[in-house]
Amino acid sequence: MRSLIALFLLLFQVHTIHGQTSLNKIDLDKGRYEVGFRHYSSTDSTRTYSRIYDYTNQKIPRPIPISLWYPSSQNVVNKLPLQVLDYLEILKEEEEWENLPNEQILNWFYYANNPANQAHIKENTKAYFGLKEAQGIFPLIIYSPSFQASSIENFAMCEYLASQGFIVIASPSRGTETRWFGNNLAKEVETQARDVEFLIKEAAYIPISDLTKVAVMGFSFGGLANIIAQMRNDNIKAVISLDGTERYQYDLLKKSPFFEVNKMDVPYLHMAQKDIPEKVLNEDKIDSTLNTKFVLYDSLSLNRAYRLKFHDLTHSYFSTLGVLFEARDVRQDKSDHKIMNAYKWVSILGLSFLKAFLLEESTAKIAFESHLGQVGTDKNLISYRKKGQKSTPFTFKNFNELATAQQYNSLWELYEESKKKHPDLNLPEGSLNTLGLQLIFNPKTSTQGINVFNLAIQLYPKSANLFDSLAEAYLFMGNHKKAIANFRKSLELNPQNQNAIDRLKTMIE
């Protein structure tokens, strides 16, 4: 297990040179909305937690720090935007070093304390504390951070999406027991997936959130948690992965009891880092298959999926903090200009994908495909593959949903119509039998149950069991004449049906 933790650290490993960047140089176009921001803490009382530096071993309800970016139409004249320092103070809180002096932030959290990074801290962002929410309802993006990272690690991208009319909500990536992950990474994936689900519930308290349009976006380790959350939550309608670790650690995904690849049935966009140079692979003892592994993507068959590889980005630079503060690896990193431009296009393509497949805007899918062509062919920034969505099987469950909507009337006509559209439709005899009995034994739906049995008998005219069940249905409803007729029919088909023999003996005598 130590080797898995080492992998995550390797993905962030850097060497000697420091970047010269700024938020303005990333040049993300602001949308029509101002960006409001709130940060607060909630708790999940179903789980316990210990602060990492609380040596009393006190157990408390699991704290969930929450960062929230949202659209606002409020006039911001004479208002001061957040500075990067405001976000880093949230980082301090989430790292449980609330009282750390601000002048120690860079040294304490592994960033070089140099003039460039000191200048970043003073930069203005595009968000404002506590603005009034815009009128209307807006789609929801759950952001899952990377390995043990802060909720604010990708603040520029979150601000960008909020300015374009999305709500973005995030909590830190923290361990099951404490701030830090343990050696059981499968357990930590489950913990972060539960945090994702907590945020979906939390969003129900945001008056402007549209819970019918929910997507997840995750960087690195957060990608694993998002996949598990989507597989067990039908309300997640799209997935964006920022070089998500589901690419590198597919076997870790499979350790989850909730993993079932056919449940990954929503639009999926995976944006991956550039190929790691052979020199780096050898010097850092990195498995060379990391350049080619896309096992989850290759396994998908029921959804529309896109796999992008950014030629100018290494792993760390899929986050704002990485672009601004991470030291550059001289063995493989591109120029700052190329890194910032590529990060900009990660944000643009993410937004375009959400408009196309979460909002399902009429022209957005064409625009997204156009963006892919523009960035890939014209600018040579990415290479990509895509998969079309295969038709999902039309099952008994799907048929029953339609039948329920028409209160189980005209079932044969519904069956014929469905069979034309879905030639592989199969309505199992046992499922029809069970459904019919469930409806029969509820006095409010007994007639509907008879309709189900009539359909079943048309499909399976030689089933003694169906006629026996229909006879029981009529007996329950007090129609002895039809009960006797159907018990007799059942006996014709199966003379050994002891239930029909016993029932007829009692009823006729």
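**Salt bridges and helix packing**

Author: D251 and K254 both lie in helix 9 (residues 250-254), 3 residues apart, which is about one turn of the helix. Helices are DSSP runs of H or I with at least four residues, numbered from the N terminus. This is a predicted model, where local features need pLDDT of at least 70, side-chain atom pairs count only at pLDDT 80 or more, and totals for chains, interfaces and linings use all residues. Residues are numbered from 1 along each chain as its sequence is written, and side-chain values use heavy atoms, with hydrogens and water left out.

Reader: What does D251 form with K254?

Author: D251 forms a salt bridge with K254, with the closest N and O atoms 3.7 Å apart; the term stands for a side-chain nitrogen of Lys or Arg within 4 Å of a carboxyl oxygen of Asp or Glu.

Reader: And which residue meets R503 in a salt bridge?

Author: The side chain of E472 does, at 3.0 Å from N to O. Because R503 lies in helix 21 (residues 498-508) and E472 in helix 19, the pair ties together parts that are 31 residues apart in sequence.

Reader: Is E472 buried or exposed?

Author: E472 counts as buried, at 17% relative accessibility, where buried means under 20% relative accessible area, exposed over 50% and partly exposed in between (1.4 Å probe, protein chains only).

Reader: Switching topic, at what angle do helix 17 and helix 19 pack?

Author: They pack at about 5°, with their axes 10 Å apart, so helix 17 is roughly parallel to helix 19, a label for angles under 35 degrees. Axes are lines fitted to C-alpha atoms over the stretch in contact, and angles run from 0 to 180 degrees between N-to-C directions.

Key
Helix = DSSP H or I, 4+ residues; strand = E, 2+ residues; numbered from the N terminus. Parallel < 35°, antiparallel > 145°, perpendicular 65-115°, else oblique.
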